[in-house]
Amino acid sequence: EKGGFDHFMLKEIYEQPRSIKDCMRGRIYPEKGLVQLGGIKEFAEKLKNIDRIVIVACGTSWHAGLVGEYLIEEYARIPVEVEYASEFRYRNPIISEKDIVIAVSQSGETADTMAAIELAKEKGATIFGICNVVGASIPRLSHAGVYTHAGPEIGVASTKAFTAQVTVLTLMALYMAQQRGTITQSKLIHLLTELDNIPTMVERCLLSNDSIKEISAKFKDARNFLFLGRGSGFPVALEGALKLKEISYIHAEGYPAAEMKHGPIALIDEEMPVVFIATKNSSYEKVISNIQEVKARKGKVIAIVTEGDTVVKNMADFVIEIPDADEIFLPLLATIPLQLLSYHIAVMRGCNVDQPRNLAKSVTVE
Ligand code: M6R
């Protein structure tokens with residue numbers, strides 16, 4: 001049932017080229033520059049006039065929501081707020097019938113996320129669900145939605161469900177941009193053509209598995225880890241840190257790289273591994289300065305870089321390459337090596353990667 005892999009988590013990491021493809025099937029037409037999302041098409045008109053979107057989720061799904069914020073604001077130019085479902089539900093949130101609330105959930109059964117959408121529904125909002133489990137409670141409570149179609153995820157640590165959620169949010173962002181006329185047709189054709197190629201690029205990311213395993217061996221006894229990124233690399237950093245802590249029990253924090261100087265830099269010494277998302281995108285130069293700041297304090301740098309990068313390679317202790325792609329697709333690629341890193345470290349530490357202590361696959365209690 002694990003398809004020859006030692007753990008479900010590893011199997012699910014390796015399924016991502018296929019799960020991302022399944023998620024896009026029948027939804028994108030690159031040559032026509034067209035995105036179709038049958039699940040939300042009856043709201044196409046509403047999307048044209050919407051003033052705000054609120055995304056509610058927990059854990060890894062909340063990280064996917066943060067990526068969604070970045071994408072929707074960039075391409076569809078709609079203001080987005082991303083909320084922890086557990087915080088949202090216990091406030092008196094300002095929500096009206098003018099709002100769209102998107103609930104992101106692998107299981108579709110997370111108690112806090114369900115309660116958040118029930119509250120938003122009472123206040124008249126339109127609810128979209130992004131779920132993996134077909135027919136689960138959240139899709140049933142939603143007015144409309146888009147399934148991720150990643151297939152069953154058994155490992156408690158979410159991997160393929162995350163990349164599928166990010167894929168759906170990418171599709172939604174482009175769909176909304178198309179409806180609202182905030183993207184040119186040529187840009188849409190370009191992005192969809194590249195998106196179509198992402199499964200192949202994810203396959204290339206997986207080829208780094210052996211070198212990631214070697215790096216993991218060097219850091220398996222670390223007591224702390226920092227993960228830093230900027231822009232859409234920030235949610236990737238958060239996700240990398242969450243994955244590591246939940247399966248290896250190493251304390252890890254994700255931060256926006258620029259926030260380091262406002263506190264976390266005090267933690268840096270020769271014992272501190274720092275993982276940087278340092279690919280060639282709009283924040284590349286800035287991230288390089290942050291790497292210098294860590295190296296000046298003797299921190300150990302592991303950097304996720306764009307294939308062929310030489311600048312970061314000369315500064316970092318270890319680099320892991322990912323294919324060059326438009327910045328919009330960074331989270332789909334940069335997350336893969338971080339999943340593998342936490343997996344190998346956890347296995348080397350003798351942890352139960354598929355069923356980490358104290359955690360359940362779906363959190364049906366508040
Ligand atoms: O099923 P959901 O996506 O609603 O679950 C949300 C979180 O409980 C979940 O993402 C959790 O953080 C995972 N264990 C992360 O790997």
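Predicted model: local features only at pLDDT ≥ 70, side-chain atom pairs only at ≥ 80, totals over all residues.

An open sheet is built from five strands, arranged in the order β4-β3-β5-β6-β7 with parallel pairing. Its edges are formed by β4 (80–84) and β7, each of which pairs on one side only. On average, neighbouring strands of this sheet are turned by 20° against each other, direction ignored.

Helix α6, comprising residues 111–122, packs on the sheet and touches β3 (53–57), β5 (100–105) and β6. The direction of α6 makes about 165° with that of β5.

## Pairing of β6 and β7

Four bridges join strand β6 (residues 126–131) to β7 in the parallel sense. Within this pairing, I130 stands opposite V146 in β7.

## Residue I154

The loop between β7 (144–147) and α8 (160–180) contains I154. In sequence, I154 is 24 residues apart from I130, and the C-alpha atoms of the two residues are 18 Å apart in space.

Is I154 buried, partly exposed or exposed? The relative accessibility of I154 is 43%, so this residue counts as partly exposed; the class lies between the limits of under 20% for buried and over 50% for exposed. Leaving aside residues up to four places away in sequence, I154 touches F8, E12, D354 and K361.

Definitions and conventions. Residues numbered from 1 in each chain as written. Heavy atoms only, no water. Helix = DSSP H or I, 4+ residues; strand = E, 2+ residues; numbered from the N terminus. Buried < 20%, exposed > 50% of the residue type's maximum accessible area, 1.4 Å probe, protein only. Contact = heavy atoms within 4.5 Å. Pairing = 2+ DSSP bridges. Axes fitted to C-alpha atoms, helices over the stretch in contact; angles between N-to-C directions.
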